[in-house]
Amino acid sequence: KDAFKVIKKKAEAEHRKVLAATYDAKASEHTVHHGSAFLFLPTLPEGVYNCIISDPPYGVDADKFGEQAGVEHDYKDDLAFATDCARLIARQGFRITKPDAHCYMFLDITNFEAFRLLFQLEGWNVWATPLIWYKRNGMLPSPEFGPRRTYEAILYARKGKLPVKFVKDDVLDHAAVRQGKMHAAQKPVSLFSDLLSRSCNPGDLIIDPFMGSGTVFPAANNLSLRATGCDDNEACYHMAVSRQGETEDVVDLSPVEEASISNILGMLSE
């Protein structure tokens, strides 16, 4: 079982690398940056973006979740680093956004008050309570003692007086990605589209400083937005580049469980 996971991960990474190499970046209105958000954001001009949407590390040691994570969280996830990421989005995000802008940042609900303060200190007006993403399934942190955790929190912040486009609920019901999942923290395209539709008009510029698998790009395509994404993980970069032309959640049409080892090794050698 563990061997299949390793082989599948390598096969998917190679497949995305090939797709990224064949994608015509000149035909896309999006920008994909391979590098650290801490170095990239300070280089961007002031007052350009209409909205930020991002899913940075939560600071919950997700890299130690093991089997329950399904796809391993292979990124640093301690609280100190998560706090640095939130501060970066709050500070640099305020600088690079237009006078009237919105920000959606996923976070662990236990950090909401602390991160809310970080945003307020940088000038953001933060919604008093988090938005809740109900994902219909989730982790069992202590199955012998308590319930399954089936939600995640989102900090929503406003710069200036930009009104929302629609009045929608603060609980967002979107099934978590299961088939064809490429990244441990991957969010469904429908969820990103739902959030962005509340704040953006066609043609708006949006940015995701911690883009992961690049969900921001198909979501942007759904709403005719122009997106910028950044990640320092090479595999994530290739995933994101290859998804610039997508509009929906990726479905795995060839489950590794149905493939023979020889077929998979053949894929890796091609």
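Throughout these legends, buried means under 20% relative accessible area, exposed over 50%, and partly exposed in between (1.4 Å probe, protein chains only). The views show a predicted model, in which local features need pLDDT of at least 70, side-chain atom pairs count only at pLDDT 80 or more, and totals for chains, interfaces and linings use all residues. Residues are numbered from 1 along each chain as its sequence is written, and side-chain values use heavy atoms, with hydrogens and water left out.

**View 1. Salt bridge between R149 and D108.** A salt bridge is a side-chain nitrogen of Lys or Arg within 4 Å of a carboxyl oxygen of Asp or Glu. In this pair the closest N and O atoms are 3.2 Å apart. Helices (H or I, at least four residues) and strands (E, at least two) are DSSP runs, numbered from the N terminus. D108 is buried, with a relative accessible area of 8%, whereas R149 is partly exposed at 30%.

**View 2. Salt bridge between K187 and E152, and its network.** The closest N and O atoms of K187 and E152 are 3.5 Å apart. K187 is in the loop between β7 (171–173) and α5, and E152 is in strand β6; the two are 35 residues apart and link distant parts of the chain. Both residues are buried. Through shared partners, salt bridges join D55, K135, E152 and K187 into one network.

**View 3. Salt bridge between R91 and E122.** Eleven salt bridges are found in a search of the whole structure; in the one formed by R91 and E122, the closest N and O atoms are 3.0 Å apart. Because R91 lies in helix α3 and E122 in the loop between α4 and β4 (125–126), the pair ties together parts that are 31 residues apart in sequence. R91 is partly exposed, with a relative accessible area of 45%, and E122 is also partly exposed, at 21% relative accessibility.

**View 4. Helix α5 and its buried residues.** Eight of the nine residues of helix α5 (residues 189–197) are buried, so the helix is largely enclosed by the rest of the structure. The buried residues are V189, L191, F192, S193, D194, L195, L196 and S197.

**View 5. T228 in strand β9.** Strand β9 spans residues 226–231. T228 counts as buried, at 6% relative accessibility. Its side chain makes a polar contact with the side chain of Y49 (3.3 Å). A polar contact is a pair of N or O atoms within 3.5 Å; within protein, one must be able to donate a hydrogen and the other to accept it, and residues adjacent in sequence count only if both atoms are side-chain atoms. Beyond residues up to four places away in sequence, T228 touches T31, F40, Y49, I206, I207, D208 and F217.

**View 6. R136 and S224, two residues with positive phi.** Most residues other than glycine have a negative phi. Phi of R136, in strand β5 (residues 131–139), is near 75 degrees. S224, in the loop between α6 (216–223) and β9, has a positive phi of about 60 degrees. R136 is partly exposed at 48% relative accessibility, and S224 is partly exposed at 48%.

Terms used
Contact = heavy atoms within 4.5 Å.
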